[in-house]
Amino acid sequence: MTTLIITTFALLAFGLWFWKRGLSLLAEKNAAKELEKTLFPNGDTEKHAILDSLCQITKDKYSKELLLDYFLKIKGLQVVNMYDPVNFWTRKFLMSPTKLKLNYFEQVKFYESFLNFPEASARIMTPTTEDNDYITSESNGGFFKKKQLA
């Protein structure tokens with residue numbers, strides 16, 4: 001009887017750990033590869049250049065692993081269209097909080113530096129005949145006709 005209770009308790013503890021931490025570890029491993037292919041089409045040289053610029057922004061306070069995690073999550077949320085079918089691991093990874101918390105000035109420099117990264121490959125915007133209205137051609141067929149950039 002006691003072995004049954006101990007085994008049940010051990011399985012429950014492992015299940016809780018896997019639910020909280022194990023799934024996020026698997027999501028990070030699987031989604032990082034997919035997001036790196038999307039965000040860094042030119043390969044490792046582009047990745048290292050971006051990481052070097054992030055190190056300059058943060059003045060080498062953080063490791064490159066943490067900076068890469070921050071970049072993948074922030075830019076991944078902007079590039080990946082969550083309304084289309086998205087890989088489970090990618091969705092789980094992008095919806096988890098970043099490991100790194102930048103201060104206000106670092107966040108501002110980050111957004112100034114990487115506001116339009118990657119260059120217009122994610123969305124195609126064409127002006128309409130009306131005054132400053134924009135229509136985005138997204139893969140889910142959604143069109144926005146507000147006076148804003150999508």
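## Terms and model

Contact means heavy atoms within 4.5 Å, and helices are DSSP runs (H or I, at least four residues) numbered from the N terminus. This is a predicted model, in which local features need pLDDT of at least 70 and side-chain atom pairs count only at pLDDT 80 or more, while totals for chains, interfaces and linings use all residues. Residues are numbered from 1 along each chain as its sequence is written, and side-chain values use heavy atoms, with hydrogens and water left out.

## Helix 2

In helix 2, the buried residues (under 20% relative accessible area; exposed is over 50%, partly exposed in between; 1.4 Å probe, protein chains only) are Glu46, Lys47, Ile50, Leu51, Leu54, Cys55, Ile57 and Thr58. These buried residues of helix 2 pack against helix 1, helix 3 and helix 5.

The 15 residues of helix 2 should span 21 Å at 1.5 Å a residue, and this agrees with its end C-alpha atoms, which are 21 Å apart. The expected span is 1.5 Å times one less than the number of residues. Just after helix 2, Lys59 has a positive phi of about 60°.

## Helix 1 against helix 4

Helix 1 covers residues 2–39 and helix 4 covers residues 88–95; the two pack at an angle of about 105°, and their axes are 8 Å apart. Helix 1 is therefore roughly perpendicular to helix 4 (65 to 115 degrees; under 35 is roughly parallel, over 145 roughly antiparallel, the rest oblique). The axes are lines fitted to C-alpha atoms over the stretch in contact, and angles between N-to-C directions run from 0 to 180 degrees.

From helix 1, the contact uses Leu23, Leu26, Ala27, Glu28, Asn30, Ala31, Glu34 and Leu35. From helix 4, Trp89, Thr90, Lys92, Phe93 and Leu94 take part. The residues of this contact divide into eight nonpolar, two polar and three charged. Here Ala, Val, Leu, Ile, Met, Phe, Trp, Tyr, Cys and Pro count as nonpolar, Asp, Glu, Lys and Arg as charged, and the others, Gly among them, as polar.

## Trp17 in helix 1

Trp17 is also found in helix 1. Trp17 counts as partly exposed, at 44% relative accessibility. Leaving aside its neighbours within four places in sequence, Trp17 is in contact with Gly22 and Leu25.

## Salt bridges

Side chains of opposite charge can pair when their charged atoms come close. The count comes to five salt bridges (a side-chain nitrogen of Lys or Arg within 4 Å of a carboxyl oxygen of Asp or Glu).

One of them joins Lys99 and Glu28, at 2.9 Å from N to O. Lys99 is in the loop between helix 4 and helix 5 (104–114), whereas Glu28 is in helix 1, so the pair links distant parts of the chain, 71 residues apart. Lys99 is partly exposed at 38%, and Glu28 is partly exposed at 22%.

Another is formed by Lys64 and Asp52, whose closest N and O atoms are 3.1 Å apart. Lys64 belongs to helix 3 (residues 64–79) and Asp52 to helix 2 (residues 44–58), twelve residues apart. Lys64 is partly exposed at 39% relative accessibility, as is Asp52 at 38%. Lys61 and Glu106 also meet in a salt bridge, at 2.9 Å from N to O. Lys61 lies in the loop between helix 2 and helix 3 and Glu106 in helix 5, so this pair ties together parts 45 residues apart in sequence. Lys61 is partly exposed, with a relative accessible area of 49%, but Glu106 is buried at 6%.
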